[in-house]
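Hi everyone, thanks for coming.

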2 protein chains.
Amino acid sequence: MSALEQLKVRLADVNALNAAESVLGWDQQCYMPSGGAEARGEHMAVLSRMAHEIFTASETGEAVEKAKAQVDPESEDAAMLDVVARDYALRTKIPASLVAEQAKTAAQAHEIWVAARKANDFAAFAPILEKMVELARQTAEHLGYKEHIYDALTDLYEEGATKKGWEQMFGGMKEPLVALVSKISASPQVDDSFLYGDWPESSQRSFTEMLLKEIGFDLNRGRQDTAPHPFCTNFSIGDVRLTTRFKNYLPSAVMGTLHEAGHGMYEQGSPLSWDRTPLAGGVSLGVHESQSRTWENIVGRSKPFWSLYLPKLKETFPTLSPLDLETFYKGINKVEASLIRVEADEVTYNLHIMIRFELECAMMEGSLAIKDLPAAWNEKYREFLGIVPPTDSDGCLQDVHWSSGLMGYFPTYSMGNLLSYQIWNCLVADLGDVDSLMAKGEFKPILDWLIEKVYRHGRRYKPAELIHMATGKPLGPEDYLAGITDKYSAIYGLN
Amino acid sequence: MSALEQLKVRLADVNALNAAESVLGWDQQCYMPSGGAEARGEHMAVLSRMAHEIFTASETGEAVEKAKAQVDPESEDAAMLDVVARDYALRTKIPASLVAEQAKTAAQAHEIWVAARKANDFAAFAPILEKMVELARQTAEHLGYKEHIYDALTDLYEEGATKKGWEQMFGGMKEPLVALVSKISASPQVDDSFLYGDWPESSQRSFTEMLLKEIGFDLNRGRQDTAPHPFCTNFSIGDVRLTTRFKNYLPSAVMGTLHEAGHGMYEQGSPLSWDRTPLAGGVSLGVHESQSRTWENIVGRSKPFWSLYLPKLKETFPTLSPLDLETFYKGINKVEASLIRVEADEVTYNLHIMIRFELECAMMEGSLAIKDLPAAWNEKYREFLGIVPPTDSDGCLQDVHWSSGLMGYFPTYSMGNLLSYQIWNCLVADLGDVDSLMAKGEFKPILDWLIEKVYRHGRRYKPAELIHMATGKPLGPEDYLAGITDKYSAIYGLN
């Protein structure tokens, strides 16, 4: 066997272990009885360790080097080798002892965070957060960086991202966003009370499954189950699993389903010939999030979409019958400065992210002491959103990320929002009257365009390359700002 | 680390891979979309290969030998080492090339068998069956045996079993069974037409789940799903999965559920401290089957059981309301000489097995040429059951086993039938009026007795030892014969 063939066998083994761990994780969330929890944790840890051992063995790195010399640099194989080389470098630069310490500390930190949030007791969380930040710093030093320690970490989640890059992205947004939110806050609020009710679970399930089929999520290559938190996972290109949950707020299941379906259709869109190889899947967190946001916000919160599906929604939930399209449309697009990121609308959402970005940069570089985090958090909320959390539980204790050591992750959410509009505008330029397509339920040309421009490329190109190929320019906030300004000026009657 | 500790880590890794493969297999049957099939097959093959490689590595054998010298021979660890030593010997005696050839041939044979059964074309199946028999012979030679080549294979499924042992078991049964079936055939047949109907799936589901709870299957440590073929699998002692299916024949789901629950409660009954070790689980196929048969036939087809649950069944399926207990009881115990093993009642069932046992012994030793199998099969059916299959599809092509290379497996089904009565009689001797317990739905003392005498011992003792410990004597047909003779004489009014 050539070095390339040997490497492919090795990577297929790693793929099998990772896929198995994903199946176990999916089942853990969806079906596992409580009695299975302890053994499941042990089983997943073994699979994870084996995958790590096989992938980070020196044989992998050597095979990559040898194979590189043997392949055409423009070939798919060469692109695959680049992906593996990057992953290998990231995984081998950090000493195993540090990875182990981080995992152990993160497990403790998670428990302490859960209790601290419940008890609104930041002081109880501060020492272990301090330790997690210190371990993140050590990780960053091992990974290396050119300009700022934050760069090493954020690159883990979004290849090529840097503190400076994110600052440029956010820089153009802050002022117009704060101004827009302020104008909206000064306008009469829209009504969304009709979205709350005792919606039967089976009706929510059948309606969301109908939507999945309509937009083109392939149910022969995936399915939807129920879990406490919505997520998308996949075991192969032909097996993509979505989860949703059923709440008394109707958009929770409906918009959640469209969001996860966006992730899922991206995964389903890789070429089948790449199945079980490192080229399959999404290229980065930010690009992935752009697709969940596209289907959730740009499609799923649009007026043409609901001109078609509101009548069906009324059939499913007859108490909604009196609603007109305009009222419904405004209700699902209600904007409100609020305290909790995960409940934020698409206008205020990025402000929540900017706050976290600025604070985690400061924590990483040491300019913000952990003990001062609550005060800094509250001050930022006042500055960006004009509101102050009454408790730390509703403030700096709300997110799970930092307790897990995820520093540098948050900006990818904002990137998803921006990029969704940037890509969509190119789609509209190519396809023409996309609103009419949506109003007729003709999603195939839309999905096909996204597959052609984004999904089918998997991980073959770097995120920045892919964005440039798909949109003809680098990532920027302009399309997003223009898009939401138009949309919400109309909804709130701004001049 | 001591040799024992090193071995335990190794075995825990193997356990994780096996458990993961089981989860993947369960999901494949219960939830996987069709698009996931190809990758799933590859993933399971990788896990299987890794588990095999780790388990059969020379380090395992060496660690077992070293550890044996270090442990108290009466300890649990010593018993665990015995189990591992046996499995290791069985897995390492057969050359990897033969295992691979058998797997490859079995995969082809399965496809050919499916087509041949459909087309009623034994001649198309004969050549590959010949090859599977030859490979089974080679396997037996590698495993070694003292008296008969069949011994090496049947020991794989039932430790300590031999052709002679099975002959002794069957020897005492054939004449009385054939006579009993003949008497029953000459008596007026009971009616079971009321068991066929358009039973709503959700009602079948809720009724069978109610039964699971009632008899003591722990739903915090297991669950029931739907699959094309009913089975029981487990990923740990705390996570035992049953499946059932919903047909127009009501006992299909009801009795199938009780059958699988018997397997499941056996698995749940291992001491929790043995979780993820080789000591957990059932000791052999025959002992396992005895427990599924106990809950399906002895409990689930008894009059006291239905004196309690028939009213509940009528509530769930109101069309059954006119039925009296006696008619229902007779209906679910209908005996009929029939052609298909998997649909056979508990009286005729063993005759189907004896036919297969005699034929597979003859094929293994070469006294029956493969081409003569259909004629031999039909002749045995005439002799044992008084009927002759009109086609080979209803005859020697009906079972999947031989196409998979499973020779020596069938007798464990009969062993389960016999042993279920043998163990039950001891239970009755200890607990007294067990009929009254069942009629009151008091299954806890019954389950507790089975746990105490059988389930909690996992794989700690050899099957023959366990049977002797639990029943005070070796396996024999007397209890079964006496039990069914009594029961069916009453049902069919025999003198």
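**Two copies and how they meet**

Let's begin with how the two chains are arranged. If you turn chain A by 180° and shift it by 0.0 Å along the axis, it can be laid on chain B with an RMSD of 0.0 Å. The two copies are thus related as by a two-fold rotation axis. Where does chain A come nearest to that axis, counting C-alpha atoms? At Ala20(A), whose C-alpha is 3.1 Å from the axis. Please keep in mind that this is a predicted model.

If the idea of an axis is new to you, here is the background: two copies of a chain are related by a rotation about an axis and a shift along it.

Now to the place where the chains touch. Chain A gives 31 residues to the contact, and chain B gives 31 residues too. Which elements of chain A supply two or more residues to this side? They are helix H1 (3–30), helix H2 (37–56), strand S1 (222–226) and strand S2 (232–236). The largest share comes from H1(A), with 8 residues. By type, the side of chain A that touches chain B splits into 14 nonpolar, 8 polar and 9 charged residues.

Do the copies use the same surface or different ones? Of the interface residues of chain A, 100% are also interface residues in chain B, so the copies meet through the same surface.

**One chain as a whole**

Let's step back and look at chain A on its own. Chain A has 21 helices and 3 strands. Its radius of gyration is 23 Å, close to the 23 Å that the globule rule gives for 495 residues, so chain A is as compact as a globular protein of that length. Along the principal axes, the C-alpha atoms of chain A fill a box of roughly 65 × 50 × 50 Å.

How much of the chain is buried? The figure is 44% of the 495 residues of chain A. And take the contacts in chain A between residues at least 6 apart in sequence: 71% of them join residues at least 24 apart.

Ser489(A) and Ile184(A) are separated by 305 residues in sequence, yet their C-alpha atoms are 8.2 Å apart in space. You can find Ser489(A) in helix H21, residues 478–492 of chain A. With 15 C-beta neighbours inside 10 Å, Ser489(A) counts as partly exposed.

**The sheet**

Next, the strands. In chain A, 3 strands make an open sheet in the order S1-S3-S2, with mixed pairing. Which are the edge strands? They are S1 and S2 of chain A, each of which pairs on one side only. On average, neighbouring strands of this sheet are turned by 20° against each other, ignoring direction.

S2(A) and strand S3 (residues 239–244) of chain A run antiparallel and are joined by 4 bridges. As a landmark, look for Ser236(A), which stands opposite Asp239(A) in S3(A). H1(A) lies across S1, S2 and S3 of chain A, at about 140° to S2(A).

Gly222(B) stands opposite Val240(B) in S3(B). In chain B, helix H1 (residues 3–30) lies across S1, S2 and S3, running at about 140° to S2(B).

I'll finish with a backbone detail. Most residues other than glycine have a negative phi. Which values do we find at Asn120(B) and Arg276(B)? Asn120(B) has a positive phi of about 50° although it is not a glycine, and the phi of Arg276(B) is near 65°, also positive.

Both sit in loops. Asn120(B) is in the loop between helix H5 (96–119) and helix H6 (122–143) of chain B. Arg276(B) is in the loop between helix H11 (250–268) and helix H12 (285–299) of chain B.

Are they buried or exposed? Asn120(B) has 14 other C-beta atoms within 10 Å and is partly exposed, whereas Arg276(B) has 21 and is buried. The cut-off for buried is 20 or more.

Key
Residues are numbered from 1 along each chain as its sequence is written. Chains are lettered from A and ligands numbered from 1 in the order in which they are written. This is a predicted model: local features need pLDDT of at least 70, side-chain atom pairs count only at pLDDT 80 or more; totals for chains, interfaces and linings use all residues. The radius of gyration is taken over C-alpha atoms; the globule rule is 2.2 Å times the number of residues to the power 0.38. A residue is buried if 20 or more other C-beta atoms lie within 10 Å of its own, exposed if 12 or fewer, and partly exposed in between; C-beta atoms are placed from the backbone. Two residues are in contact if their C-beta atoms, placed from the backbone, lie within 7 Å. Ala, Val, Leu, Ile, Met, Phe, Trp, Tyr, Cys and Pro count as nonpolar, Asp, Glu, Lys and Arg as charged, and the others, Gly among them, as polar. Two strands pair if DSSP finds at least two bridges between them. Axes are lines fitted to C-alpha atoms, for helices over the stretch in contact, and angles run from 0 to 180 degrees between N-to-C directions. Copies are superposed by least squares on the C-alpha atoms of residues with pLDDT of at least 70 in both.
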